[in-house]
Amino acid sequence: MFPLVDHLGFGTPTDYVIAFALGIGFGFFLERAGFGDANKLAMQFYFRDMAVLKVMFTAIVTAMTGLVALSSFGVLEMSSVYINPTYLWPGIVGGLIMGAGFIVGGYCPGTALVGVATGKVDAILSVAGGMLGMFLFAESFQIPAIARFYAMDTEGITGRITLPEWLGVRPGIVAFAVLVIAVAGFVAAEWAEKRFKPLEA
Amino acid sequence: MEKKPASYMNPYVAGIGLGLVLLGAFVVSGRGLGASGAIMRTVVKAEKIVSQEHVDANAYLSTYGGGERDPWDEWLVLETLGVLVGGLLSGAGARRIRWETHHGPRISRGKRLVFAAVGGGLFGYGARLARGCTSGIALTGGATLAVGSWITMLCIFAGAYGLAWFLRRLWI
């Protein structure tokens, strides 16, 4: 039955209108959470404001629970849902570079766009810098070693693979473990905010 | 007197809202949310205007904009346009729209802008190498329990936390 796009067709005007509507929802909640402000985002890494972790993991758990439930009821066909392909080493190195970019610049691309929408000048610079970084990536792709590294896959942990498949357990079990870890993370986050709250505040 | 901006939404409530939008994307469109992909496509769009030959000659760029291909003719581009509109609507409703730069107490506005651009550049490069950013990988891939997405998500946090102490003058 779902995903609906199997019936609507990819790349149709309807598909694009839906994309636009979903984007509005995405941008709305990012902004409402305070993610248009780089200062607030960066405080995550000094344990003073853990909203990044709270919002992100609440969202992951909400969507994950919905996916596991809908697919186990047979309503949603998971084989029609896009699963990010795994490329272990490019994913690790790319992730570390992104982390460095996050603490240097204060934004990730999605939050920077929301910052742009609300007039934050640093967010405009972040997006402009991001464009330059992406331009340079494409140029560096001409270096054979980089193109090879980008395409490098690792035996046994590559392509369309999920944690339940990799661990050989049912999705519900992994989902439950993620839920438990998230709740533990929320408890730790609440504690950290009290512990590391700036004295002057 | 001008009214003050509204306070931010409770993070757990915002998270549930975001999660339901993400679930809606999976259920309706069979895919999650994203951000950096549309920025890349905008870069390719600009490069096509400057030099179609350059785009065609680059194996990475040509997957987005080779030949007649329009880099903007994609779901993610419309979704990201929505992100801008959604951010604008939310910001307007909360009286948060104004030209300003947030920066830490120990850094000047000018330096903050330089670091914002450098950080954005690093994030952009890393996002292309990892095939997505916090939206497309950590959030979307996190919810579908994709192995690589969880690894990349942990690496984003590790990279930021690992450098946070050294860069504390930028923020606190």
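Start with chain B and chain A together. Across their interface, 39 residue pairs are in polar contact, both residues at pLDDT 80 or more. A polar contact is a pair of N or O atoms within 3.5 Å; within protein, one must be able to donate a hydrogen and the other to accept it, and residues adjacent in sequence count only if both atoms are side-chain atoms. Eight helices of chain B each supply at least two residues of the side that touches chain A: α1 (11-29), α2 (36-50), α3 (52-57), α4 (59-65), α5 (75-93), α6 (109-129), α7 (134-143) and α8 (147-164). Helices (H or I, at least four residues) and strands (E, at least two) are DSSP runs, numbered from the N terminus. By class, that side of chain B has 69 nonpolar, 39 polar and 13 charged residues. Here Ala, Val, Leu, Ile, Met, Phe, Trp, Tyr, Cys and Pro count as nonpolar, Asp, Glu, Lys and Arg as charged, and the others, Gly among them, as polar.

A word on the model: it is predicted, local features need pLDDT of at least 70, side-chain atom pairs count only at pLDDT 80 or more, and totals for chains, interfaces and linings use all residues. Residues are numbered from 1 along each chain as its sequence is written, chains are lettered from A and ligands numbered from 1 in the order in which they are written, and side-chain values use heavy atoms, with hydrogens and water left out.

**The whole interface**

Select every contact residue between the two chains. Chain B brings 121 residues and chain A brings 122. Contact means heavy atoms within 4.5 Å. The two chains bury about 10,500 Å² between them, 75% of it on carbon and sulfur atoms. Buried area is the accessible area (1.4 Å probe) that two parts lose on being put together, summed over both.

**Salt bridges between the chains**

The rule finds three salt bridges across this interface. A salt bridge is a side-chain nitrogen of Lys or Arg within 4 Å of a carboxyl oxygen of Asp or Glu. Over all chains, the structure holds eight.

Select A:Glu31 and B:Arg96. Their side chains meet in a salt bridge, 2.7 Å from N to O. A:Glu31 sits in helix α2 (residues 13-32) of chain A, and B:Arg96 in the loop between α5 and α6 of chain B. A:Glu31 is buried at 3% relative accessibility. B:Arg96 is buried too, at 8%. Buried means under 20% relative accessible area, exposed over 50%, and partly exposed in between (1.4 Å probe, protein chains only).

Next, select B:Glu100 and A:Lys120. Their closest N and O atoms are 3.1 Å apart, in a salt bridge. Is A:Lys120 buried or exposed? A:Lys120 is buried, with a relative accessible area of 4%. B:Glu100 is partly exposed, at 25%.

**A salt bridge inside chain B**

Move to B:Glu74 and B:Arg31. They form a salt bridge, with the closest N and O atoms 3.2 Å apart. The pair links distant parts of the chain, 43 residues apart. B:Glu74 lies in the loop between α4 and α5, and B:Arg31 in the loop between α1 and α2. B:Glu74 counts as buried at 18%, while B:Arg31 is partly exposed at 22%.

**Two domains in chain A**

Color chain A by domain. Domain 1 covers 34-74 + 162-201, and domain 2 covers 84-160. These bounds come from an automatic or database domain assignment. The contact takes 10 residues from domain 1 and 13 residues from domain 2. The two domains bury about 830 Å² between them, 72% of it on carbon and sulfur atoms. In domain 1, select A:Gly36, A:Ala38 and A:Phe45: they lose the most area to domain 2, together 46% of what that side buries. The count of salt bridges between the domains is zero. One residue pair is in polar contact there.

**Backbone stops**

Go to A:Phe2 and A:Pro3. A cis peptide bond joins them, with omega about 0°. A:Pro3 is in the segment before α1 (5-8) of chain A.

Then select A:Phe47, in the loop between α3 and α4 (51-72) of chain A. A:Phe47 has a positive phi of about 60° although it is not a glycine. A:Phe47 is partly exposed, at 32%.

Finish at B:Arg131, in the loop between α6 and α7 of chain B. Phi of B:Arg131 is near 70°, a positive value in a residue other than glycine. B:Arg131 is partly exposed, at 22%.
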